[in-house]
Amino acid sequence: MNDEPRVLIVESNDALRAMLFTILRHQPVGVDTAATAADALQKVSQCDYALAVVDLDCANNAGITFITRFREDRPDATTFILAVRDPKNDVYLDPDLIAAVLNKPLEIDTLAELVRECAHVVPVPEEPLPCPNPAESDIRTRMERGSYVAN
Amino acid sequence: MRHEKLILIVDDDDAIRALLTTVLRRRGYPVDAARNGVEAMELLGTRQYALVILDLMMPRMNGYEVLEHLGRLPVMTRPFVLVLTAGLEQRKFDTNLVVGTIQKPFDIELLVDTVAGCLVAAEGAQLPPMPTAMPEDTN
C-alpha cells in the first residue's frame, strides 16, 4: 500500500467532486471522495486522513454535519480541514473545527499546492488507523494502467 | 508579481505554517517561517522584516513575549505585526505595533488582501521625511 498521506474530498455535487478528485489525484497524495456526511464519517472511522477538503455548501448541510460529527467522534484526530465555500453564504466558521477557508470560484493551482504542502506536514497520529483499502486515486491510476484487479 | 518586503510567519502548527507560506509565496511575497518565539527572535535579529504574522500560543517563547521584544525596538525598525487569533483572546494590543488580527479559520483571500494592505502601509510608514524647504538655488 502507498505511504502517501491520504486526503478526503467531501462534496455532494457530482461534477465538483469529480473536478476536485481529478485535480488532487495528480498530487503526491492518496485521494478518496465522499458525497454525503454519512459516507465521509464512515471513511474517517476507518482511516486517518491528513487533510480533508470539505465543501460547506454541500446538499443537506453535509459538509458542516461531517465536520461537527467528526470532531465529536474523534477529537484527537489531526486531520487538517480545508473548507471551501461560496462567500455569499454566511456560515459560522468554528476555529476549533476548520483550519482555513478557500472561497469559490476556486483557484485550482492554489488549492492543489495547499493540499500538497499541508498534507505532508500534518502530524501522523501515534497509532494511526490502518486504512483498509487503497485510495480511490490509486485504484484509478492502476485501472488506467490496466494493473488493477478488484477483490 | 514579485514583492520586496519580507514577511515572517511565526506559528508552531506545521500545517498552518505551510498553508500561510504557500499562499503568500504564490502571491510573490518573500516569506520566512519560524516554529516558535525563539526561532522568530533569531530571524528578527538577522533580517529586516516588514511584516510579522504571529501566533500567540506557542511553546518556547509565546507570541506575547515576541510582541514585548518588538515593542522595545525603535519605531522605524519595527515590523508591522498581524496577530493570529482563535477569537477568544481578550488582550488589548499596542496599536502602534499590532496593525490587526486575523481570526482563525483563515479566509485565504482576506488574509492575502490584509497582508497586501499592511505592506502598502509599511511602505508608507518608512518613507523618508519630506524636505520642509527647497534647497537654495546656487545659480
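## Helix α3 of chain B

In this predicted model, helix α3 of chain B covers residues 63–71, and its buried residues are Gly63(B), Val66(B), Leu67(B) and Leu70(B). Viewed down the axis of α3(B), these buried residues lie within an arc of 100°, so they line one face of the helix. The spacing follows a general rule: an α-helix has 3.6 residues a turn, so residues three or four places apart point the same way.

Strand β3(B) is largely enclosed by the rest of the structure, because 5 of its 5 residues are buried. From β3(B), Leu51(B), Ile53(B) and Asp55(B) point one way, while Val52(B) and Leu54(B) point the other way.

Strand β3(B) runs parallel to β1(B), to which it is joined by 4 bridges. Within this pairing, Val10(B) has Leu54(B) of β3(B) as its bridge partner. Strand β3(B) also pairs with β4(B) in the parallel sense, over 5 bridges. Here the bridge partner of Ile53(B) in β4(B) is Leu82(B).

## The contact between the chains

Chain A and chain B each contribute 17 residues to the contact. On the side of chain B that touches chain A, at least two residues come from each of α1 (14–26), β6 (106–107) and α4 (108–125) of chain B. Helix α1(B) provides the largest share of that side, with 8 residues. By type, the residues on this side of chain B comprise 9 nonpolar, 3 polar and 5 charged.

Strand pairing also links the two chains. Strand β5 of chain A (residues 100–103) and β6(B) run parallel and are joined by 2 bridges. In this pairing, Ala100(A) has Phe106(B) of β6(B) as its bridge partner.

## The overall form of chain A

Chain A contains 5 helices and 5 strands, and along the sequence they follow the pattern β-α-β-α-β-α-β-β-α-α. Its C-alpha trace spans about 45 × 35 × 30 Å along the principal axes. The radius of gyration of chain A is 15 Å, which agrees with the value near 15 Å for a compact globule of 151 residues.

Of the 151 residues of chain A, 37% count as buried. Among the contacts in chain A with a separation of 6 or more, 72% involve residues 24 or more positions apart.

Methods. Residues numbered from 1 in each chain as written. Chains lettered and ligands numbered in written order. Predicted model: local features only at pLDDT ≥ 70, side-chain atom pairs only at ≥ 80, totals over all residues. Contact = placed C-beta atoms within 7 Å. Nonpolar A, V, L, I, M, F, W, Y, C, P; charged D, E, K, R; others polar. Pairing = 2+ DSSP bridges. Buried ≥ 20, exposed ≤ 12 C-beta atoms within 10 Å, placed from the backbone. Arc of directions from axis to C-beta. Rg over C-alpha atoms; globule rule 2.2 N^0.38 Å.
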